[in-house]
Amino acid sequence: RCKDLSVSFWNSYWMLPSDVCGMNCFWEAAFRYNYMKTHPSEKMHLAVVACGERLEETVTMLRSAIIFSIKPLQFHIFAEDQLHKSFKDILDDFPYEGKVNYTLYPITFPTESAAEWKKLFKPCASQRLFLPLILKNVDSLLYVDTDILFLRPVDDIWSFLGKFNSTQIAAMAPEHEEPRIGWYNRFARHPYYGVTGINSGVMLMNMTRIRRKYFKNDMTAVRLQWGEILMPLLKKYKLNITWGDQDLLNIMFFHNPESLYVFPCQWNYRPDHCIYGSNCKEAEEEGIFILHGNRGVYHDDKQPTFRAVYEAIKNYSFGDDMVRSLLQPLELELQKTMHTYCGRIYKVFIKQLAKSIRDFYARRSRG
């Protein structure tokens with residue numbers, strides 16, 4: 001993993017890290033470069049499901065995806081009907097015509113079981129389970145929750161598709177790094193992946209492979225395809241699951257562990273990684289790549305470090321100087337949060353952001 005040792009926050013923004021990166025950094029950068037070079041016109045597909053009061057949060061997530069990404073983005077936005085006009089009005093006003101396209105979809109579940117799926121965990125949350133069946137012409141997809149913020153280009157997580165081996169169909173991060181505070185290993189009443197389970201807030205999928213695969217399961221000796229396994233899983237475990245669709249995914253990959261690629265924790269960094277003390281070592285070394293403000297922390301005062309990042313991206317105007325209008329004000333706000341555990345390590349929240357800004361201006365200077 002590349003340690004970006006060159007960022008000293010104000011004096012070293014534009015210093016290239018080649019003089020301090022080791023061979024691991026070199027090979028990781030070379031992999032990403034070669035993947036992008038061999039997939040130059042590939043459009044990255046990103047899906048999100050928005051219901052209720054999630055309009056602003058979803059738009060802020062989409063803004064963060066746009067700011068640094070290099071290849072074109074195709075957004076697949078699944079939303080309640082009453083949100084469609086608001087999404088259209090906002091997204092049509094975005095200044096990046098040609099780089100970003102979007103499609104709005106209604107919330108849809110299989111007719112015979114729609115009521116059960118709608119009430120599973122939160123309204124609309126289980127929609128993500130049906131994306132491989134709805135988006136039949138999409139080969140690969142990055143699904144994210146509405147409370148995700150990208151602090152580096154979407155291109156970088158998209159390039160993990162090229163790292164999948166022949167059996168892997170999806171990628172997610174662990175639910176916890178520290179088993180002593182893990183939820184699944186302490187409380188789950190159903191099978192789950194690995195030691196601490198997986199979190200489905202960031203899920204990269206090779207949907208062609210998902211649609212083709214026959215899954216092992218504990219309901220029948222016959223392997224079932226994606227569209228065949230979801231309802232039987234729900235019927236068997238609906239009294240035992242707490243986190244809805246995420247629990248069903250944990251059960252599925254418990255029985256098919258060879259099918260999952262596991263991200264390091266900085267690709268899905270949540271409050272649990274710092275509220276009891278820092279337990280994501282990769283983020284300490286490299287910074288946070290994708291921030292996940294679950295449990296509503298962007299909108300209350302419980303975790304001001306997370307809220308500060310959210311507010312900074314929400315209020316940033318496309319085209320403004322990123323250092324003066326985004327990075328500097330954000331660091332000042334983060335310094336005010338040092339009374340919290342997350343605030344004590346606030347530099348992990350801007351380390352990758354600073355690098356992404358530096359890389360953005362370097363690309364622009366090269367034309």
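## Aromatic pairs and an open sheet

Phe160 counts as buried, at 3% relative accessibility; buried means under 20% relative accessible area, exposed over 50% and partly exposed in between, with a 1.4 Å probe and protein chains only. This is a predicted model, in which local features need pLDDT of at least 70, side-chain atom pairs count only at pLDDT 80 or more, and totals for chains, interfaces and linings use all residues. Residues are numbered from 1 along each chain as its sequence is written, and side-chain values use heavy atoms, with hydrogens and water left out.

**Aromatic rings.** Rings of Phe, Tyr and Trp (its six-membered ring) pair if their centres lie within 6.5 Å. Planes under 30 degrees apart count as stacked, over 60 as edge-to-face and the rest as tilted. The count comes to 21 aromatic pairs by this rule. Two of them are set out here.

| Pair | Type | Centre to centre | Angle between planes |
|---|---|---|---|
| Phe78 and Tyr105 | stacked | 4.4 Å | 10° |
| Phe160 and Trp267 | edge-to-face | 5.1 Å | 90° |

Phe160 is in the loop between helix H6 (154-158) and strand E6 (170-174). Trp267 is in the loop between strand E10 (260-262) and helix H11 (281-286). The two residues are 107 apart, so this pair links distant parts of the chain. Trp267 is buried, with a relative accessible area of 1%. Helices (H or I, at least four residues) and strands (E, at least two) are DSSP runs, numbered from the N terminus.Ring pairs also build a cluster from Phe160, Phe164, Tyr261, Phe263, Trp267 and Phe289. Arg152 lies over the face of Phe289, 4.0 Å from the ring centre. A charge sits over a ring if NZ of Lys or CZ of Arg is within 6 Å of the ring centre and within 35 degrees of the ring normal.

**The sheet.** Seven strands form an open sheet with mixed pairing, in the order E3-E2-E1-E4-E7-E6-E10. Two strands pair if DSSP finds at least two bridges between them. E3 and E10 are the edge strands, each pairing on one side only. E2 and E3 run parallel, joined by six bridges. Gln74 stands opposite Asn101 in E3.

**A covered helix.** Helix H10 (residues 245-255) is mostly covered, with ten of its eleven residues buried. Among them are Leu248, Leu249, Ile251 and Phe253.
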